[in-house]
Amino acid sequence: MKPLIIAIIILFIIGCDGKKEKLPYLQMEVTQHVVNGKIVEDTTFRTIPKFTLYNQDSTIVTLKDFDNAIYVADFFFTSCPTICPIMHRNLLKIYKKYEGNSEVKFASHTIDVKYDVPSKMKKYAKKLGIKDTQWTFLWGTRDEIYTLAERSYLVFAEENDKAPGGFAHQGYLILVDKQKRIRGAYDGTVDKEVEKLMSDMELLLKEK
Amino acid sequence: MKNIIYVIALAIVTVACQPKENALSIKDETMKLHDLVMANHSKIIANQMKIDTLLGSLSKVKAQIPLLDTLAEKAALIKLRSDLVVAEDSMNNWMHQFNADFNSQLDWEVIHYYKQERDKIAKISELYKKEIKQSDTYLTKFKN
């Protein structure tokens, strides 16, 4: 009898392991090609394209700086009196949890490129209690930042079109995996969503 | 006697708290307007970017729309972009000078400050709507 119980337990463990929760891919692209007269569908993952921006230390930051790390991206501006402070207070909790973990990074992009120059963002980061560049505050030209927002990080938000044209100021926190694919989007102003982001980050870190 | 004292105390507290509550609700209105304007901010930027692209490729546009007067079009697009930049700058300037933590011992000062700011952002909100409508309408002729 005992071996039977042990066998059932082992099967249960294996079964559970097989159903391990996996995060979805937010931007899968299905393209159609004609091969030998037949239409063939090809599914690919859209990834974050290469970029060159500056951080709060006026140092160049590229996509390569996020190699071998999962990261959370957002769009904000330092003088924002409403959504951004709540979003960044919540993100700070996550930062504190992973402080010093080289597998986790944070990238906040300013949308107020005329005013939020790197020195301004340095002050902002310091006020928030960020001492290093594990949480990097990114500055670029208007076109670079808005193109990244519109065509990469926040495409889903624009497609949802809940607030036409306002996608860059909705407090989204975007979770990106080590292969630069978007795996989740969360409302950074809602506690439950932030908790979900934290648990999803754990899942993503375990993913091979 | 006790009841009368309670009623008077309650009345004093209510009256004393009244202006602060008003200040908070005016501040709340201001913040809501700010979010409304910010919801349109990306559109203001997106249209500027569309105009920049058009200005950089007027010869291609001319090939697609042969009846186009290139110089007149260029001038119109520059004017349109300039209006969008004025709207964007007015919002940026407002945000940079706005003090979300404004406080004073004098309640009327707090109310006055937030009322002033609410009126400013309300004007900017209207300006955003106007510029977006104007540029959207103009840009429709370039849609394929």
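Predicted model: local features only at pLDDT ≥ 70, side-chain atom pairs only at ≥ 80, totals over all residues.
User: OK, then why is strand β5 of chain A largely enclosed by the rest of the structure?
Analyst: Seven of the seven residues in β5(A), which spans residues 70-76, are buried, so the strand is largely enclosed by the rest of the structure.

User: And which way do those residues point?
Analyst: Ile70(A), Val72(A), Asp74(A) and Phe76(A) point one way from β5(A), while Tyr71(A), Ala73(A) and Phe75(A) point the other way, and all of them are buried.

User: Which strands does β5(A) pair with?
Analyst: With strand β6 of chain A, residues 104-110, the pairing is parallel and runs over seven bridges, and there Asp74(A) has Ser108(A) as its bridge partner. With strand β8 of chain A, residues 172-176, β5(A) runs antiparallel and is joined by three bridges, and Val72(A) stands opposite Leu175(A) in that strand.

User: What unit do β5(A) and β6(A) make with helix α2?
Analyst: Together with helix α2 of chain A, residues 83-98, they make a β-α-β unit that is right-handed.

User: Switching topic, how many residues does each chain put into the contact?
Analyst: Chain A contributes 16 residues and chain B contributes 17 residues.

User: Which element gives the most on chain A's side?
Analyst: That is helix α4 of chain A, residues 142-153, which gives three residues to the side touching chain B.

User: And what classes of residue are on that side?
Analyst: The side of chain A that touches chain B has seven nonpolar, five polar and four charged residues.

Key. Residues numbered from 1 in each chain as written. Chains lettered and ligands numbered in written order. Buried ≥ 20, exposed ≤ 12 C-beta atoms within 10 Å, placed from the backbone. Helix = DSSP H or I, 4+ residues; strand = E, 2+ residues; numbered from the N terminus. Pairing = 2+ DSSP bridges. Right-handed = clockwise from strand over helix to strand, strands pointing away. Contact = placed C-beta atoms within 7 Å. Nonpolar A, V, L, I, M, F, W, Y, C, P; charged D, E, K, R; others polar.
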